[in-house]
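Subject: The structure I promised you

Hello,

Please have a look at it first, and then read on for what was found in it.

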Amino acid sequence: MALLTHLLVCTFGMGSWVAINGLWVELPLLVAELPEGWFLPSYLTVIIQLANVGPLLITLLHHFRPGCLSEVPVIFAVLGVGTVACILFAFLWNVTSWVLSGQHSITFMVLTFFLALVDCTSSVTFLPFMSQLPAHYLTTFFVGEGLSGFLPALVALAQGSGLTTCVNVMETSYTTPSPNTTRTDTPQGDNSTPVSGLLGTTLSTGHLESRYLPANFRPWVFFLLLALMMTCCLVAFFLLQHYPRHWKTSTEELLPSQITLYSIRPLKEDLSLPGPVDSSQGQGHLEEKTAPHHPAHLIIIYVLVAFVNALTNGVLPSVQTYSCLSYGPVAYHLAATLSCMANPLVCFFSMFLPNRSLPFLGVLTVIGTGFGAYNMAMAVMSPCPLMQGHWSGEAIIVASWVLFTGCLSYVKVMLGVTLRDRSRSALLWCGAMVQLGSLFGALLMFPLVNVWQLFSSVDFCSLQCSV
């Protein structure tokens, strides 16, 4: 019975970010086929963060109109919209429109906004819903959230998206004919051959260019698989609502009637030390059971939540193409997919070796930020980063992305579990800080990438860097 509950919770958690994570792992192929090219990741980052209007409205509504919104229908609506959007993606992903003297993927961006609205809203609905279950199910939920990146990454690996090969392209140029020209045929090296005649001189030159290899299956198949994953999440949530809840014997649970999100205390109250509880409130306020955290510790936790998500959801994803593509398409492909796989593996690892020590999490955050700084430095140095053209450079950049994701994923899980033990509203504020940090990171990077263009891109096959 408990095993089935774990499975349902894991599948439910998978739906939180599976759609947007699916877009990220499909980027190596989308970058090649959509007109935005290398700018596409930064566009997606901003669009995703604009969708924070959803969790903002829900948070404000519960703060000023407590008890007026039930989370269960909101979750059903969110998962339904996500499933429909993924189906529409399968048929409309490559539709372009002429806007501002150029072709742009307007339909793709609009659908991305709706997917992001679904996933961002899950941060302030899924987590509070999980407070109804005992604490150990929250770690299972985070494992499922990690699988939202792992499963699309496996599909992308099978698809072989974005892989390229270098081909020799010959170009022919002509010069003005000369009265004294005689017809000759003289080789001038491996890559150029001038031919003179009455009509002028023909010069053939060759150079290498990237050509994308055909994927094993088209993006529309990939998006239909995403829709199937969203459908599984919807079914899992439905079963969680109707499944015999033997776990409700736990003293940590809420009463069955308390599905509606309760009033969220003002932040200054939620950060205060717990005081005596009026016994007349009964079990109806078990959800506000607090753990003995000092207010300063809670402030640090919320700051860490915002900072870590700013890096993982806003800052670094905007420059992943610049950080990795200079090392070649294989390095980019592996970095994008393996870093997504690292997330659920770390969440699973945290179930057996949890460590909620704030100093330890602070040190791990510094280590993860160090790997992120290396990734950012390589993006700034693009198209000629350190050890470009050597296998060790490719291995280091892939490992750096995996370790960056792994370290900060562990921090996010432990912070979430810590806040879950404090109160239900603490989980809601945790979700709000997740989105706030992500929004800040995206808004910070968009002008750097798209307006001031501080990062440079180049065709990998024609890249020539000095040793």
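Two residues are said to be in contact when they have heavy atoms within 4.5 Å. With that in mind, take the contacts in the protein between residues at least 6 apart in sequence: 85% of them join residues at least 24 apart. Please remember throughout that this is a predicted model.

**The overall picture**

The protein has 467 residues, and 51% of them count as buried. Its secondary structure comes to 17 helices and 6 strands. The accessible surface is about 20700 Å², and carbon and sulfur atoms account for 69% of that.

**The cavities**

How many cavities of 30 Å³ or more are there? The count comes to 4. The largest cavity has a volume of about 820 Å³. It is lined by 42 residues, and those closest to its centre are Asn21, Thr312, Asn313, Asn343 and Lys412.

Which helix gives the most to the lining of the largest cavity? That is α16, with 8 residues.

Let us start with α2. Because 8 of its 8 residues are buried, α2 is largely enclosed by the rest of the structure. You can find Val18, Ile20, Leu23 and Trp24 among these buried residues, and Asn21 is also one of them.

Next comes α9, which covers residues 136-159. This helix has 24 residues and spans 35 Å from its first C-alpha to its last, close to the 34 Å expected at 1.5 Å a residue. Where is the kink in α9 centred? Look at Leu147, where the kink is about 30°. Helix α9 is mostly covered, with 17 of its 24 residues buried. Just after this helix, Gly160 takes a positive phi of about 70°.

Helix α16 runs over residues 391-420, and Thr405 sits in it. Is Thr405 buried or exposed? Its relative accessibility is 14%, and buried means under 20%, so Thr405 counts as buried. Leaving out residues up to four places away in sequence, Thr405 touches Ser339 and Asn343.

The loop between α15 (358-381) and α16 holds Pro383. The peptide bond from Ser382 to Pro383 is cis, with omega near 15°. Met387 is in this loop too. Phi of Met387 is near 55°, which is a positive value in a residue other than glycine. Met387 has a relative accessibility of 37% and counts as partly exposed.

- Cys86 is in helix α6 (residues 71-92). Its relative accessibility is 0%, so Cys86 counts as buried. Beyond its neighbours within four places in sequence, Cys86 is in contact with Ala19, Leu115, Phe223, Leu226, Ala227 and Met230. Ala19 is one of the buried residues of α2. The C-alpha atoms of Cys86 and Leu225 are 8.6 Å apart, although 139 residues separate them along the chain.
- Leu234 belongs to helix α10 (residues 219-242). With a relative accessible area of 24%, Leu234 is partly exposed. Leu234 touches Phe76 and Leu79, not counting residues up to four places away in sequence. Leu234 and Phe12 are 222 residues apart in sequence, yet their C-alpha atoms are 7.2 Å apart in space.
- Leu208 is in strand β6 (residues 200-212). Its relative accessible area is 40%, which makes Leu208 partly exposed. Apart from its neighbours within four places in sequence, Leu208 is in contact with Val167, Asn168, Cys461 and Ser462.

Enjoy exploring, and write back with any questions.

Best wishes

Conventions
Residues numbered from 1 in each chain as written. Predicted model: local features only at pLDDT ≥ 70, side-chain atom pairs only at ≥ 80, totals over all residues. Heavy atoms only, no water. Helix = DSSP H or I, 4+ residues; strand = E, 2+ residues; numbered from the N terminus. Buried < 20%, exposed > 50% of the residue type's maximum accessible area, 1.4 Å probe, protein only. Areas by Shrake-Rupley, 256 points an atom, 1.4 Å probe, with all protein chains shown as cover. Expected span 1.5 Å × (residues − 1). Bend = angle between axes of the 7 residues up to and from the residue. 1 Å grid on protein atoms, 1.4 Å probe; cavity = no way out; pocket = protein on both sides within 12 Å on 5 of 7 lines; lining within 4 Å. Points joined across faces, edges and corners; volume = space filled by probe spheres on them.
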